Structure formats: structure tokens, C-alpha cells
Amino acid sequence: MKRTLPILVVLAVLLAAIALVNPFFLEPAGFLAFVKRAAPLVILAAGQYFVIVSGEFDLSVGSLVTVEVVVAARLIDGQESATWWVLLLLIAVGLLVGLLNGVVTTALRVPSFITTLGMMLILSGAVFLWTGGAPRGALSEAFRTFGRGNLGPVPWSVLILLAAGAAAILLMRSDFGRRLVATGDNERAAALSGVRVARTRILAFVLSGAAAAITGILLGGFAGVSAQVGQGLEFSAITAVVLGGVALGGGRGSVVAAMAGALTLEALFTLLNLYGISGALEFTVQGVIIIAAVAVGALRLPAWLAKHPPRKQGDTHVA
Amino acid sequence: MTLLGMRGIGKRFLGVRVLSGVDLDTAAGEVHAVVGENGAGKSTLMKILAGVHVPDEGTIEIDGRPVAFGHPLEAQRAGVAIIYQEFNLLPDRSVAENVFLGREPARRGLVDRAAMEAETRRLLDELGETSFGPRDAVRRLSVAQQQVVEIVKALSVDARIIVMDEPTASLAEHEVELLYTLVRRLQRRGLAVLYISHRLREVFDLAQRVTVLKDGARVTTVPTAEVGPDELVRLMVGRELRDYFPPRAAPGEIGEVRLSVRGGGNGRLRGIDLDLRAGEITGLAGLQGSGRTELVKALFGAEPFAEGRMEPRRPRSVRDGVAAGIGLVTEDRKAEGLALRQSVRDNALLVARATAGRQARGDVRALLERVRLSPPDPEQEVRYLSGGNQQKVVLAKWMTVGPAVLLLDEPTRGVDVGAKAAIHDLMRQLARDGTAILMISSELPELIGMSDRVVVMRDGRIAGELPAGSSEEAIMRLAASGEAT
């Protein structure tokens, strides 16, 4: 909780700043609209958190989101009746891509940076090949409801976000969650305590794939079908997680902070937008944030090392 | 003619005195052995000579001129080279590149490869080394050959005093002979060699004089011709057992066999026969590299046996070992024992969460009180704890699953006196509750004080077994030469 506080403070300040410029933001409808817009990224960041806290990266999620949306549009092609089996298929695709990322990273020992970078290119290329550059088909109304519809006054995506967030928090409190963080902190110690570190990491990638699938479903409804829908989302998700104070390299940080990081990032974009600063600057802002956040984390590390010097080679031989 | 004179060297680390008033001198063309038990101060003394540590007291003279080293490079310029047990070589660079690392000869601004290789070749020839050349990649050399590269490196900076820290620790038997030849060549070139070793045979084979250190002070310096091996051992360990240990197991308290191995072997171990009994603490002794750590890792399943029978079963993985009721407290608790940035609770529950069902959870606070963690705060991050408290958390981690067999590799290394006593008490308590315990310790007084019997390893085998209360001399003799008394 101690480590979650800073990002919550930053978030509160940004929300207050938005409210100052745009009083509508304080009304339930205004605030819910903001959360609705943020929901896909927050869910994606929660998925990315599992991977990062275990000491890995998942760069494939942006492409995966695009794949989900493009595949959904083509398979549904406007037929309402196709909605449900396509939804199941989309989740399965997300799980499968996560599984592949995890197995390649752990069993073949390919660094996840490379595994998921490769997966990102493979998926982008596949989408391009399959669509010929322009996505075909259309989503059904039922499908689009998740991204833009309401249940009473509350958007569906906000409800899905709440459910996903609660699941993520519970998961991190479970034995699996504690094993995951321990693996990210000290893989060797975890393995020698009986943790199946490979299986644990694979599950983290699978969760990230599932989060990307859900994000794709929400974004398809919210933003519509395009071959660029997931572009750059992997970096937004990583930026959000790092902004939440989660250490790259694993072992440190909470999923609540990661999700708060995503909300903060979205709030920042909203604010920039309100001040009329070009949306094109979003990438630049993310770049600055990710470097700054990691630098702050790195500054703490040398101080830690100074306090905990590596064990001296003892002259212990007889016995 | 005295080449090096160290006078009254004293050093403290964090207020703890590790060296006081140590004198050491050596002459050109002398091999001077430095011996002593663990923690006697050998390494610290050598690191002071090499400029790694700055002494708090005392003076160093080379050729009668006082010197003061604030940095290893200054020691190097004064002609001191140190060859550590862990070599400082770049595995993917060539021999010549390693020898000239950081001071490559240049010609018109480019590295003069030819000159570098020619000079390396000349030094190799001088040492009579023909089995490899300047262009070979270091990765492809044997440990013994890499040692030669280190020596060539020392010669190429015109070292006159070479410190060798346990040079034979990682060498095979036949390579030791080659090292002897090499050391004698250095000696004939007029270098002084300070030779740190615990292997008494080497001391008597090579050195003209030997300095014995004990508890940070010099006991004596004598010509090797005037002292025998038994006398030397007595000088090294001769002291009272001043530590207090909990009483040993009474004969009735030692119960059934909890773990048994017959003919256990793998890459590092051969023909291991061992029984561990409920209620008994078995001490495991052996020189570094004798296979102690490898044995406990094999028993646990982390580096499994490839052959042999084991009851109740031969674990093939860590989880297999844990399922068979075996726990391992590793030698290096920071690298292998703890997730340092997690809480005490998360560390204490790690084994249970990884391997047992929900029922094996128990009351964490009560457990922390039982291992006498002070304060018993489950939310504290482990990295902020003292070494002793960290080790108690590691013990708690295993106690959650109540192992039948607990393997402890150096359980009190780097632990303060109070925590040490607490860990000793806890070990005895666990034994009394029916756990079979195997303990490795490089501290002989501890090993003798705690063990109901001592098993001694040598070269990957069990060299023999000694009863409770055996002397340090008896253990060392068995460990060093395989001879029982």
C-alpha cells in the first residue's frame, strides 16, 4: 500500500486538474465516460503487470489487440448470431498467444523481449496478409455493446473493468500471485523452494493474452474496426505499469498501482487534450514518462547496493 | 634480502577487528605459505597487500621503501599481483587480449596485435607452457591453463610479488604437479610467491617458510623444515572450545532412518552411502570443492543423483525432494534462500504455497516466535533484516511443511553470536522433535559442538565418519588426506 500511494496522489492531482478545466468531469456521467475510455488500457496494464512482475515483458499485446478486432469483424461480418462463438474464439486466441509467448520464453529460453517482439511482428504481418491492408466485415451490435453500451447508467466496459480489476487483485493475493512475485524477485530462491517457475511465468503470459483479448473486445466496440486499433498499446501498457512504480525486472510493485498508472496515463492524455495539445504528442509523453520512471527506479538501486554489498569471498575452506 | 615487509597490520570492518599487529615478510626467490583457519584473516591480509583494502594500522615496505596503496592499480605498479580463486578473465577474448587488457600496445593509434601476441608467446615460452597459444580463446582453456594466463598477466606487468589464493582449489590432481613446476619457475626468476593454502602437503612441498594466522593475529612464522604437519595443525586450531552448544542427542533419542542413500553418484559425487536418522544431527565436513554442497543438493533433488538407490525415494527435482519430506537451507541465503524484496510472511510461506495445500499454512506469527525472529513482524521486508534474522526466516520457510529431513548448508555463516545460538537451539529442538538433520559447516568448532557424528568428504566421496566430540585435527586429517587417525 505504501508504494501505491504516490501514484494515487498523482492520479488525484490530475483528476482535480481536469475537473478545474472541465466541470462536467465531476458529474457521474462525465466521470464514467472517462473511466469507460480508460478501461481497455487499464485492463491491458493489469495483464502486462503479471508479466512484468514476474521479470519479463510482453510486447505482443498491441498487435494482439489488433488481431482480435480484425478477426472479430471478419468472422462476425454483421451477423448477430455469430457474436457469442466469436467472443469465445477471441478469448481462446488471446490465451493461445499468451501460452506461446510463455512456452517459447521459458522452455526455449528466448528472452521475452525477443519472443514477444517476434510475436508482435508475426501477428502484425498475419493481420496484413489476411486483410490485405484494409479490414473487412463488420462487428455485430451485440459485440459493440461491450465497448460502448450501458447497463442502466453504467457503461458495460466500466463493469467489465471492475470485474477484471477485482479478479486481478484477488489473483495477486492468492498463492499464485505470491509465487509470481517471488519468482520475479529471486527466481533461484523460488525454484529451490519448490515453485514451478516456468509454469508460473507461462501463466503470467496467458493472463496478459487474456487481458489483450478483453481489451480488443472493448476497443472494437468503442473505437470501431481498423488495422491500427492496437497500435502502440504495448508501450502504453508498459508505460502505465512502470508509472505505477512496478519495477522492470520483476519482484516489486502492486497490480493496483499498475492499474492506477494506466488511469493516470489516460488522465494525462485527457488533460493534454483539454489544453489543446496535439494528440500526436502522446507517444512523446509516454516516452518521457517511461524513461523517467525507470530512471527513478534505477536511482534507488545503487543506494540499495551500497547498503547491501555483495557477499565477500570468505576464506572458508577447512572443515 | 627482504623484498616485502608488512609490519603491525591492523584492520577493522564495521568495528569488528579482523586483523591486529600482523607482520609478514618475504624475500625474492621465496615461496612463503600463509595458512590459517576460516576467518583467520588470510584473505584480508592479502587484499591489503593488493591494495583492495586500506589498513587501519601498520606499514608496508617494498625494497625497504614504504608504500601505501589506495587502489589495486597502485599495488600493481609497485609489483604486486594477486591471483584470486575466481579468475578475472574475459572468456571470449584471446589469451593475448586478456594478458594486455586495458593496456594494449598501440601503433599509430591501433592495437598492435602482433606485438601483443609476440610478448605473450615469449612469456608462455618462459614458463614452459606449450599446450596453448596467445590466440586461443580463454573459454576453451582448462582451469589450469587459465591459471597460467593469470600468471602470464602478472609477469607482463613486471610483478615481483605474486599472491596465489588457494591456487589448487579447483585443479585436478595431475594439474597440481604442473602448478608446482610453475611456482618453482617463478621462484627461480627471483619472484616472491605468497602461497595461501589449507592443503598442508602443498605447504611442505613448495614453501620455505610458513606464517600461521589465527583469529586475525600472527601465531608464528617458521621455516617449513623446522615444523611437522601435526605441529602446524596444532598451531592453526589450538584454542579452547569457548562457544556453548546445546547438549547432544542421548542414545535413546536417535530413531529410525529417515533418509538412506546407497551408491549415490552424479557428475561430482561417487559412491555415496549415507543414512540420516530421526533425532540426529549429522555434521558434514570437507575441504572446499570436496562435494559437500553438491551432496546436499543431490539429496534434495536440486542437482539430483544420476545413479544409486535412495529411500524413501530418489528425488529428481526440487519438488520431488520436498514431496519426499526433504528441506534445504542453502549456503547463500541472499542468492538462493530468500526473495529479499518480499515480506517475512511471503518468504516464510513460500514453500507451503509452492508445494502444500492450503491446510499447511498455520499461524505465521507463532512460527516466527518459535524461530525467535526479533521482532516477529511478518510484514517487514526481508532485505531489511539482519543476517541472523534472515536465516531464521529461511528456517521458518521449511518448518511450515515439517520436513522429515532438513539439510543445512552453512546455516550460521555471516550470523551474529546471539542469532547463532538461537539457530543452534532451534536445530537441536527440531532434531528432538524427530527431524533428521545434516549440517555443513566450515567452522570446525561449530561442527564438532553441534554434531552427533561427523561425516567427512573428500574428492566427491565420503572419506569416513567420526564419532561425536572428535578433534579438529582428526577431521582435518581425514578431509585433507583421507587418513583416519
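## Helix H8 of chain B

In this predicted model, helix H8 of chain B spans residues 229-237, and its buried residues are B:Leu232, B:Val233, B:Leu235, B:Met236 and B:Val237. What sits over them?

## Where chain B meets chain A

Now for the interface. Chain B puts 53 residues into the contact, and chain A puts in 31. Between them the two chains bury about 3700 Å², with 46% of that on carbon and sulfur atoms. On the chain B side, the residues that lose the most area to chain A are B:Arg341, B:Arg353 and B:Arg383, which together make up 17% of what that side buries.

How many salt bridges does the rule find between chain B and chain A? It picks out five. In one salt bridge, the side chain of B:Glu336 meets that of A:Arg188, at 2.8 Å from N to O.

## What the chain B side is built from

Several elements of chain B each supply at least two residues to the side touching chain A, among them helix H1 (42-49), strand E15 (281-286), helix H9 (292-300) and helix H15 (387-399). H13(B) gives the largest share, five residues. By residue type, that side of chain B splits into 18 nonpolar, 15 polar and 20 charged.

Methods: Residues numbered from 1 in each chain as written. Chains lettered and ligands numbered in written order. Predicted model: local features only at pLDDT ≥ 70, side-chain atom pairs only at ≥ 80, totals over all residues. Heavy atoms only, no water. Contact = heavy atoms within 4.5 Å. Buried area = accessible area lost by both parts, 1.4 Å probe. Salt bridge = Lys/Arg side-chain N within 4 Å of Asp/Glu carboxyl O. Helix = DSSP H or I, 4+ residues; strand = E, 2+ residues; numbered from the N terminus. Nonpolar A, V, L, I, M, F, W, Y, C, P; charged D, E, K, R; others polar. Buried < 20%, exposed > 50% of the residue type's maximum accessible area, 1.4 Å probe, protein only.
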